[in-house]
Amino acid sequence: MKLSGKRIVVGITGGIAAYKTIEFIRLLRKAEADVRVVLTPSAAEFVTPLTLQAISGNAVSQSLLDPQAELAMGHIELAKWADAIVIAPASADFIARFTVGMANDLLSTICLATNAPIFLAPAMNQQMFHQQITQQNLTALQARGIQLIGPNNGVQACGDIGAGRMSEPTEIFAVLSDFFTRDQDLQGVKVVITAGPTREAIDPVRYISNHSSGKMGFAIAENFAKRGAGVTLITGPVTLSTPNNVTRIDVLSAKEMWQAALENAVKNQIFIGCAAVADYRVADIADQKIKKSADEMLLKLVKNPDIIADVGHLTENRPFTVGFAAETQHLSDYAKEKLKRKNLDMVCANDVSEGQVFNADDNALQLFWKEGSKTLSLKSKTELAADLVNEIVERYQKTL
Ligand code: PMT
């Protein structure tokens with residue numbers, strides 16, 4: 001069964017459609033999923049914790065500040081535990097709070113604290129659904145990778161007719177099972193990804209680095225992991241949390257990244273160099289903090305190893321090798337030159353001339369490989385990563 005053993009958090013917010021969620025949970029249990037229910041206070045006015053406990057087979061969580069609940073399965077644990085979170089019904093109020101990142105009840109806090117995919121089944125009066133602000137909120141959530149299920153059109157509990165009816169339990173169940181089927185198509189494929197910046201020490205308190213946030217590399221890692229690939233993420237210093245089912249190796253300098261990358265490259269089938277690696281490091285790192293004295297100071301830099309070029313030129317156990325090229329001019333020429341010189345299978349060219357790609361939430365890419373090219377238009381890094389992974393997998397599979 002596709003959902004067998006999957007850990008699903010079902011969030012219920014206040015709305016008459018909550019009664020249908022009981023049937024959805026029953027379907028999940030029948031499919032042998034492990035279900036935890038989180039109720040908002042207003043949802044508890046529509047369905048009782050006792051019913052949900054009996055149907056889900058687990059205690060129902062309701063309060064953010066319940067010391068007893070935090071002892072057992074606290075909000076952060078629940079956020080980490082979930083393979084997926086389904087919020088059904090998702091009220092207009094919850095959608096608004098979630099859009100702006102509020103964490104003022106247990107469910108919104110879990111949603112903010114999780115890496116798991118989140119599905120929303122909106123349910124509300126048709127007028128509320130069509131309000132510009134609700135539509136803007138839903139668009140913003142979709143751009144963040146949240147998946148909407150429904151709503152359906154029809155007669156509403158209030159007597160109105162229109163869009164806003166929660167999708168049927170069987171429809172919500174079908175979307176979730178579809179997701180977990182798609183999810184597993186890369187099982188058995190092993191991928192290494194480098195991400196983030198490197199730090200090249202000058203002395204014990206100073207370093208040379210760049211503005212890479214790791215967002216692009218982490219999004220790629222997350223997408224591969226969601227599809228069932230075995231993922232090793234070698235990252236420079238970033239503030240991002242590790243995506244689910246990803247093995248993370250933290251490094252600081254280019255030399256450390258080089259060592260971890262070469263060690264892992266030969267054990268994997270695909271290698272993606274998304275990190276912004278420092279091309280040079282300081283020749284002589286000072287043991288002690290350098291004291292201010294002369295008006296000018298010269299730092300001697302020496303070349304770092306080129307990680308992706310070394311992987312690309314491996315003669316044994318060479319993985320399918322994908323590099324990036326961050327350029328401020330002559331984008332396609334420089335990218336194609338890197339494709340050749342570093343012996344890559346694909347290069348992803350990033351126009352960083354506007355200073356917008358590093359640390360931004362959106363990105364666009366031009367892909368080049370020996371026989372072709374493709375443009376991936378501007379979108380969130382999460383969505384872009386999904387497109388990029390499709391392209392990489394398509395080319396990789398042709399080499400098999
Ligand atoms: O982390 P984000 O804020 O989301 O930003 C994403 C990004 C802009 C960092 C990313 O999309 C990107 O473009 N990464 C590559 C940045 C870069 O250093 O490009 P480059 O053209 O200097 O390097 C070309 C390729 O060689 C890259 O694959 C790089 O990882 C690799 N390289 C570079 C130098 C070096 N010593 N070793 C390497 O492996």
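**Sheet and cores**

Author: Strand E1 (residues 7-12) pairs with strand E3 (residues 84-90) in the parallel sense, over four bridges. The model is predicted, so local features need pLDDT of at least 70 and side-chain atom pairs pLDDT 80 or more, whereas totals for chains, interfaces and linings use all residues. Residues are numbered from 1 along each chain as its sequence is written, and side-chain values use heavy atoms, without hydrogens and water.

Reader: Why are E1 and E3 called paired strands?

Author: Two strands pair if DSSP finds at least two bridges between them; E1 and E3 have four bridges and therefore qualify. Strands are DSSP runs of E, at least two residues, and helices are runs of H or I, at least four, numbered from the N terminus. Valine 9 stands opposite isoleucine 85 in E3.

Reader: What makes E2 and E5 edge strands?

Author: The open sheet of five strands runs E2-E1-E3-E4-E5 with parallel pairing. Strands E2 (34-39) and E5 (147-148) each have a single partner strand, so one side of each is left without a neighbour in the sheet.

Reader: Which residues touch the most other members of the largest nonpolar core?

Author: They are Ile220, Phe224 and Ile272, in a core of 36 residues. A nonpolar core is a set of buried Ala, Val, Leu, Ile, Met, Phe, Trp, Tyr and Cys residues joined through side-chain atoms within 4.5 Å. Buried means under 20% relative accessible area, exposed over 50%, and partly exposed in between, with a 1.4 Å probe and protein chains only. A second, separate core has 33 residues, including Leu3 and Leu28.
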